[in-house]
Amino acid sequence: MSITPEFQFSQSSLHDYEECVRRFQLRYIDRLAWPAAEVQPALEHERYIQQGETFHRLVQQHILGIPADEIVVRGDELRSWWQNYLAYPPANLPMTRFPEILLSAKIAGHHLVAKYDLLAIEAGQRAVIVDWKTTRKRPKTQWLTRNIQTRVYRYVLVRSGVMGHAFIPEQVEMVYWFANAPTEPEILPYTVAQFQDDEAYLMRLIEQIKGQTEFPKTEHEGICRFCPYRGLCGRAEKAGTVEDMIDWLERDEDVFTLLNTKLEMEF
Ligand code: SF4
């Protein structure tokens with residue numbers, strides 16, 4: 001079984017493919033839900049995920065015009081993130097703002113979709129992509145630059161424009177804002193050369209997926225501890241703990257990528 005012409009790619013599906021071809025097949029072709037907890041203790045992990053979702057919702061409400069003092073925030077960690085957002089928001093954003101907006105561009109015969117936390121634009125001048133990150137560890141610049149999310153988000157914006165406004169690559173930048181490190185946002189400008197490189201890479205990746213006839217398991221078995229399909233694959237009987245994951249994040253960029261992607265999917 002392979003990709004249908006209607007299949008829509010996203011940064012999440014492309015990243016799953018980069019991490020493990022087998023997981024891409026299970027999640028996006030077979031559409032198989034598998035109930036294994038991704039990390040232990042599951043409840044703590046679940047709480048953290050929900051808290052991240054709540055933070056995104058609070059910020060969206062605020063951007064849509066609800067005054068900060070009318071927004072109710074519960075819980076110490078969430079309140080700390082919220083106070084960080086109010087005290088150190090991304091600087092110098094254009095005033096026309098679109099929270100939670102979906103854009104799409106056609107590439108290699110398929111739609112590539114991107115859901116943005118926030119687009120802030122000044123018509124004909126600038127478009128700033130803001131992504132709110134609630135992960136515990138701030139990733140390195142090098143990782144953020146080559147992250148598939150960065151590639152997809154900037155590329156799709158240039159290809160599709162925003163509400164009828166077109167932007168050239170040099171007018172686009174991406175800002176990763178970190179709830180746990182609000183004074184250290186990552187600001188990634190864009191160039192024509194990067195746009196062309198992204199287009200070539202994304203086209204190559206999608207063509208490769210379309211031609212894929214076998215979907216092998218990843219060789220990096222450490223990743224399987226944090227994958228919901230590990231029971232099905234006969235990998236890593238026990239889920240990794242949240243602490244395991246954080247340890248891995250400290251020393252392994254690829255595992256950080258996995259966590260980050262998963263959070264993106266769930267937010
Ligand atoms: S358990 Fe491992 S091999 Fe199986 S889908 Fe997940 S990451 Fe891939």
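Me: Which residues are closest to the ligand, and how many surround it?
Reply: The closest are C20, K217, C224, C227 and C233, and 13 residues surround the ligand. A residue counts as near if its C-beta atom, placed from the backbone, lies within 6 Å of the molecule. This is a predicted model: local features need pLDDT of at least 70, side-chain atom pairs count only at pLDDT 80 or more, and totals for chains, interfaces and linings use all residues. Numbering starts from 1 along each chain as its sequence is written.

Me: Which elements give two or more residues to that shell?
Reply: Helix 2 (21-29) and helix 8 (230-233) do. Helix 2 gives the most, with 3 residues. Helices here are DSSP runs of H or I with at least four residues, strands are runs of E with at least two, and both are numbered from the N terminus.

Me: What is the make-up of the shell around the ligand by class?
Reply: The shell has 7 nonpolar, 1 polar and 5 charged residues. Ala, Val, Leu, Ile, Met, Phe, Trp, Tyr, Cys and Pro count as nonpolar, Asp, Glu, Lys and Arg as charged, and the others, Gly among them, as polar.

Me: Why is helix 2 called largely enclosed?
Reply: Because 7 of its 9 residues are buried. Buried means 20 or more other C-beta atoms within 10 Å of a residue's own; exposed means 12 or fewer, and partly exposed is in between, with C-beta atoms placed from the backbone. The buried residues are R22, R23, F24, Q25, L26, R27 and Y28. They pack against helix 1 (11-19) and helix 8.

Me: What makes D198 buried?
Reply: D198 has 23 other C-beta atoms within 10 Å. The cut-off is 20 or more, so D198 is buried. D198 sits in helix 7 (residues 192-210).

Me: Which residues does D198 contact, leaving aside neighbours within four places in sequence?
Reply: R151, R154 and Y155. Contact means that the C-beta atoms of two residues, placed from the backbone, lie within 7 Å.

Me: How do you know that helix 3 and helix 4 come within 10 Å, and at what angle do they cross?
Reply: The axes of helix 3 (residues 42-63) and helix 4 (residues 76-87) come within 10 Å and cross at roughly 35°. Each axis is a line fitted to C-alpha atoms over the stretch in contact, and angles run from 0 to 180 degrees between N-to-C directions. Helix 3 supplies Q51, T54, F55, L58 and V59 to the contact; helix 4 supplies E77, L78, W81, W82 and Y85. By class, this contact has 7 nonpolar, 2 polar and 1 charged residues.

Me: Why is the crossing of helix 3 and helix 4 called right-handed?
Reply: A crossing is right-handed if the near helix is turned clockwise from the far one by less than a right angle, and left-handed if anticlockwise. Helix 3 passes helix 4 in the right-handed sense.

Me: What makes strand 6 a paired strand, and with which partner is it parallel?
Reply: Two strands pair if DSSP finds at least two bridges between them. Strand 5 (residues 126-133) and strand 6 have 7 bridges and are parallel, so they pair. V128 stands opposite E173 in strand 6. Strand 6 also has 5 bridges to strand 7 (residues 181-189), and these two run antiparallel. A hairpin joins strand 6 to strand 7 through 2 residues.

Me: Why is strand 6 called largely enclosed?
Reply: Because 6 of the 7 residues of strand 6 (residues 172-178) are buried.
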